[in-house]
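Welcome! Take a moment to look over the chain before reading on.

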Amino acid sequence: MEKLQTLFKQKKDLLSVYFTAGFPNIDSTLPVLKALEEGGADFVEIGMPYSDPLADGPVIQNSSTVALKNGMSLKVLFEQLKELKKSVKIPMILMGYFNPVLKFGVEAFIEECKEVGISGLIIPDLPYETYIEEYEKLFTENGISNIFLITPQTPDDRIKKLNKASTSFIYMVSSAAVTGARNGGLSPKQVDYFERVNSMELKTPCMVGFGISNHQNYKEVCNYAHGAIVGSAFIKHLENIGDDHNEIVGFIKKLKNGQ
Ligand SMILES: O=P(O)(O)OC[C@@H](O)[C@@H](O)c1c[nH]c2ccccc12
């Protein structure tokens, strides 16, 4: 949580990159993380593969299927993260669905997160109300930030509530759809939505995700938010090049700097 807070205070135009743990290979976690860090990603979002990922489009779904076939699980992921804890400096957040977390045991899960140095969690199917009633204390006491998602459909009063309960950033979903790289610029509707959120002058910074696939998209949304999150475009790249270090570094540099 603190690592993320410091990063948001110190830097603008943040680039966060999502990848699915266990993809393309079971032991890709360390090489991918190292290459993302070297390429200039400001923080990373590690996906915990799940068989029923409702918010995910085909590219991320496919990576989850492969990762599960490769034998990735929460237990394996935590073991890997324990080993690489000292060699990765950028903040890490985990993204995943609530069911596997419940099965693991929420308390045990949060303790593992703390132990391996996870800064925050994105659990799209954990409702705000349940979080506040049952888990807020557990998360904050362990320094784990819960990251809420908002969409163009989220009303102002709800955004205000989420803003209050946020401890790092709000995930501003760019449009109401599943994850997936899209081409083309922002639509007037998206701009209206970003401007509506900006005019609320929230205490919490926002990151935009869903459909950001290249340097131009990234720069464009940085006009309306603290940074952007790229998932499917990166996973597609991994489909082609595997976890090759130099290829990943090159991809991230291009995403961030445009060349
Ligand atoms: O894939 P995209 O369109 O680049 O979007 C980012 C996204 O993949 C990543 O943040 C993510 C993957 N699965 C999610 C589920 C919910 C929210 C966010 C996510």
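The radius of gyration used here is taken over C-alpha atoms, and the globule rule is 2.2 Å times the number of residues to the power 0.38. For 259 residues, a compact globule would have a radius of gyration near 18 Å, and the chain agrees with that at 17 Å. Please keep in mind that this is a predicted model.

**The whole chain**

- The chain has 12 helices and 9 strands.
- Along the principal axes, its C-alpha atoms fill a box of roughly 45 × 45 × 35 Å.
- Of the 259 residues in the chain, 44% are buried.
- Take the contacts between residues at least 6 apart in sequence: 80% of them join residues at least 24 apart.

**The sheet**

- In what order do the strands of the open sheet come? The 9 strands follow the order β5-β4-β3-β2-β1-β9-β8-β7-β6, and the pairing is parallel.
- The edges belong to β5 and β6 (149–150), each of which pairs on one side only.
- In general, strands of a sheet pair through backbone hydrogen bonds, and the pairing may be parallel or antiparallel.
- Between β1 and β2 there are 5 bridges in the parallel sense, and valine 17 stands opposite valine 44 in β2.
- β2 is also joined to β3 by 4 bridges, again running parallel; here glycine 47 stands opposite methionine 95 in β3.
- β3 in turn pairs with β4 in the parallel sense over 3 bridges, where methionine 95 has isoleucine 122 of β4 as its bridge partner.

**Helix α1**

- Which residues of helix α1 (residues 2–10) are buried? They are Leu4, Leu7 and Phe8.
- These residues lie on the same side of α1 because they cover an arc of only 95 degrees around the axis.
- An α-helix has 3.6 residues a turn, so residues three or four places apart point the same way.
- The other side of α1 carries the exposed residues Glu2, Thr6, Lys9 and Gln10.
- The buried residues of α1 pack against β1 (14–20), β2, β4 (120–122) and β5 (145–146).

**Methionine 48**

- You can find methionine 48 in the loop between β2 and α3 (58–69).
- Is methionine 48 buried or exposed? Methionine 48 counts as buried because it has 25 C-beta neighbours inside 10 Å, and the cut-off for buried is 20 or more.
- Leaving out residues up to four places away in sequence, methionine 48 touches Ala21, Leu74, Leu77, Leu94, Met95, Gly96 and Pro100.
- Methionine 48 and arginine 158 are 110 residues apart along the chain, and their C-alpha atoms are separated by 27 Å.

**Around the ligand**

- How many residues surround the ligand? There are 22, and the closest are Tyr18, Ala55, Thr179, Gly231 and Ser232.
- The elements that give two or more residues to this shell are β2 (43–47), β9 (227–230) and α11 (232–241).
- By type, the shell residues divide into 13 nonpolar, 7 polar and 2 charged.

Definitions and conventions. Residues are numbered from 1 along each chain as its sequence is written. This is a predicted model: local features need pLDDT of at least 70, side-chain atom pairs count only at pLDDT 80 or more; totals for chains, interfaces and linings use all residues. A residue is near a molecule or strand if its C-beta atom, placed from the backbone, lies within 6 Å of it. Ala, Val, Leu, Ile, Met, Phe, Trp, Tyr, Cys and Pro count as nonpolar, Asp, Glu, Lys and Arg as charged, and the others, Gly among them, as polar. A residue is buried if 20 or more other C-beta atoms lie within 10 Å of its own, exposed if 12 or fewer, and partly exposed in between; C-beta atoms are placed from the backbone. The arc is that of the directions from the helix axis to the C-beta atoms. Two residues are in contact if their C-beta atoms, placed from the backbone, lie within 7 Å. Two strands pair if DSSP finds at least two bridges between them.
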